[in-house]
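Reader: I am new to structures and want to know what the labels rest on. Can we go through them one at a time?

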Amino acid sequence: MKKFLMVVGILFLLGVVGVFALTNIDFNRMNASNYYLQITEDGEEHETKLEDGTVMTSYSYRLDATNADGETIPLEFTAQKNLRKDAYLKIYVKNGDEVSSYDEVKFEEIPKKAQKK
């Protein structure tokens, strides 16, 4: 009986940890390289019509981004809204040039070598 209760307790604990991980960890940002850029232009608007007739609007951007070492690469990504001009973004990049997420940051939060570019 003690072994059964211990197994049930361990399974419950693993379930709680699993639910916590799924709700609090952003897997799009794990193992991603960080690049920084400034929004200098409006995004290119794209409209997609869903099966139920709803129109979804997204905006695509093609900008150069710089990492903490000062290396610059061209990136293409989309956003669900037209991003604010002159905003600084921290871009999370996987597989060389695949943007998985982004955050708006202050200029002071950007590494010095990336600030220069």
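Reader: How many helices and strands does the secondary structure of the protein come to?

Author: The protein has 2 helices and 6 strands. Helices (H or I, at least four residues) and strands (E, at least two) are DSSP runs, numbered from the N terminus. From the N terminus on, the order is α-β-β-β-β-β-β-α. This is a predicted model, where local features need pLDDT of at least 70 and side-chain atom pairs count only at pLDDT 80 or more, while totals for chains, interfaces and linings use all residues. Residues are numbered from 1 along each chain as its sequence is written, and side-chain values use heavy atoms, with hydrogens and water left out.

Reader: How much of the protein is buried?

Author: Buried residues make up 25% of the 117 residues. Buried means under 20% relative accessible area, exposed over 50%, and partly exposed in between (1.4 Å probe, protein chains only). The protein exposes about 8,700 Å², and carbon and sulfur atoms supply 54% of that area. Accessible areas come from the Shrake-Rupley method with a 1.4 Å probe; for residues, only the protein chains shown count as cover.

Reader: What makes α1 lie largely in the open?

Author: Count its buried residues. Of the 23 residues of α1, the number buried is 1, so the helix lies largely in the open. From its first C-alpha to its last, α1 reaches 33 Å, close to the 33 Å expected at 1.5 Å a residue. The expected span is 1.5 Å times one less than the number of residues.

Reader: Which residues form a nonpolar patch on the surface?

Author: M6, V7, I10, L11 and L14 form it, with about 520 Å² of accessible area together. Patch residues have over 30% relative accessible area and no salt bridge; like charges are joined within 9 Å, nonpolar side chains (Val, Leu, Ile, Met, Phe, Trp, Tyr) within 5 Å. M6 sits in helix α1 (residues 2-24). M6 has 54% relative accessibility, so M6 counts as exposed.

Reader: Why does S58 count as buried?

Author: S58 has 18% relative accessibility, so S58 counts as buried. Its place is strand β3 (residues 55-66). Leaving out residues up to four places away in sequence, S58 touches E44, E45, H46 and A79. Contact means heavy atoms within 4.5 Å.

Reader: How do you know that R62 forms a salt bridge with E44?

Author: Check the distance. The closest N and O atoms of R62 and E44 are 3.5 Å apart. A salt bridge is a side-chain nitrogen of Lys or Arg within 4 Å of a carboxyl oxygen of Asp or Glu, so the pair qualifies. The pair links distant parts of the chain: R62 is in strand β3 and E44 in strand β2 (residues 44-49), 18 residues apart. R62 is exposed, with a relative accessible area of 52%. E44, at 42%, counts as partly exposed.

Reader: Which other salt bridge does R62 form, and with what distance between the closest N and O atoms?

Author: E76 pairs with R62, and the closest N and O atoms are 3.5 Å apart. E76 is in strand β4 (residues 72-79), 14 residues from R62. E76 counts as partly exposed at 49% relative accessibility.

Reader: How many salt bridges does the count come to?

Author: The count is 3. One of them joins the side chains of R84 and E104 (2.2 Å, N to O). R84 is in the loop between β4 and β5 (88-94), E104 in strand β6 (residues 98-105), 20 residues apart. Salt bridges that share partners join E44, R62 and E76 into one network.

Reader: What makes D86 count as exposed?

Author: D86 has 51% relative accessibility, so D86 counts as exposed. D86 is found in the loop between β4 and β5. D86 has a positive phi of about 70° although it is not a glycine.
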